[in-house]
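Dear colleague,

Please find below the structure that I am handing over to you, with the sequence alongside.

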Amino acid sequence: YTAKPELGAPSDDEALLLSDVSSKATRHVLLSHLNADELTTFLDENPETLENWSDSKSMTDDLRRVVEQGYAFVEPTPYLNGLAIPLYSRETVVAALGIYMPASLCPPEKLEDFLAPMRAKAELITWEFTKVRMKRH
């Protein structure tokens with residue numbers, strides 16, 4: 001969020017919305033790679049997460065789609081879109097790389113324009129994770 005001097009700082013509600021927007025796509029990527037027990041424990045400890053879905057079946061379907069597609073795309077507001085991909089260390093998802101932008105710059109039909117460079121960066125980051133893990137062992 002870039003405050004415009006004429007508009008002032010964001011209100012608490014706007015700041016909360018922006019915080020939620022900035023984590024939604026990455027959260028979906030990370031949740032999609034949890035096993036069933038980990039997901040159940042996470043949801044028990046964070047029940048507000050279910051507010052993103054109408055029911056548990058729609059959540060499961062969405063998370064399965066994220067794994068199949070290899071990315072999460074969210075449209076949390078009419079003005080902002082989020083896109084995130086998993087980062088791996090060996091075969092394990094250890095983080096997510098996300099970008100958020102005005103919806104006009106990234107409509108769903110333009111996703112590949114953003115995914116290709118994100119995947120290239122993800123490969124570099126994954127290599128760095130692997131080197132760090134190898135140094136510790």
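The model is a predicted one. Its mean pLDDT over the chain is 79, and 77% of the residues reach 70 or more. Residues 1-8 call for caution: pLDDT stays under 50 there, and the model has 5 contacts beyond four places in sequence for this stretch. Where pLDDT is low, the predicted coordinates should not be read in detail.

Overall architecture

The chain contains 4 helices and 3 strands, arranged along the sequence as α-α-α-β-β-β-α. Of its 137 residues, 30% count as buried. The exposed surface comes to about 9,100 Å², of which carbon and sulfur atoms supply 56%. Among the contacts in the chain with a separation of 6 or more, 53% are accounted for by residues 24 or more positions apart.

The β2-β3 hairpin

Strand β2 covers residues 80-89 and pairs with β3 in the antiparallel sense, over 10 bridges. The two strands form a hairpin with 2 residues between them. Within this pairing, Ser-89 has Thr-92 of β3 as its bridge partner. In the turn, Arg-90 has a positive phi of about 60°.

The nonpolar core

The largest nonpolar core comprises 12 residues: Tyr-71, Phe-73, Leu-83, Ile-85, Leu-87, Ala-95, Met-101, Cys-106, Leu-111, Leu-115, Met-118 and Ala-122. At least two residues of this core come from each of β2, β3 and α4. Helix α4 gives the most to this core, with 4 residues.

Is Leu-105 buried or exposed? The relative accessible area of Leu-105 is 53%, and exposed means over 50%, so Leu-105 is classed as exposed. The C-alpha atom of Leu-105 is separated by 9.1 Å from that of Leu-80, and these two residues are 25 apart along the chain.

With kind regards

Conventions:
Residues numbered from 1 in each chain as written. Predicted model: local features only at pLDDT ≥ 70, side-chain atom pairs only at ≥ 80, totals over all residues. Heavy atoms only, no water. pLDDT = per-residue confidence, 0-100. Contact = heavy atoms within 4.5 Å. Buried < 20%, exposed > 50% of the residue type's maximum accessible area, 1.4 Å probe, protein only. Areas by Shrake-Rupley, 256 points an atom, 1.4 Å probe, with all protein chains shown as cover. Pairing = 2+ DSSP bridges. Core = buried A, V, L, I, M, F, W, Y, C linked by side-chain atoms within 4.5 Å.
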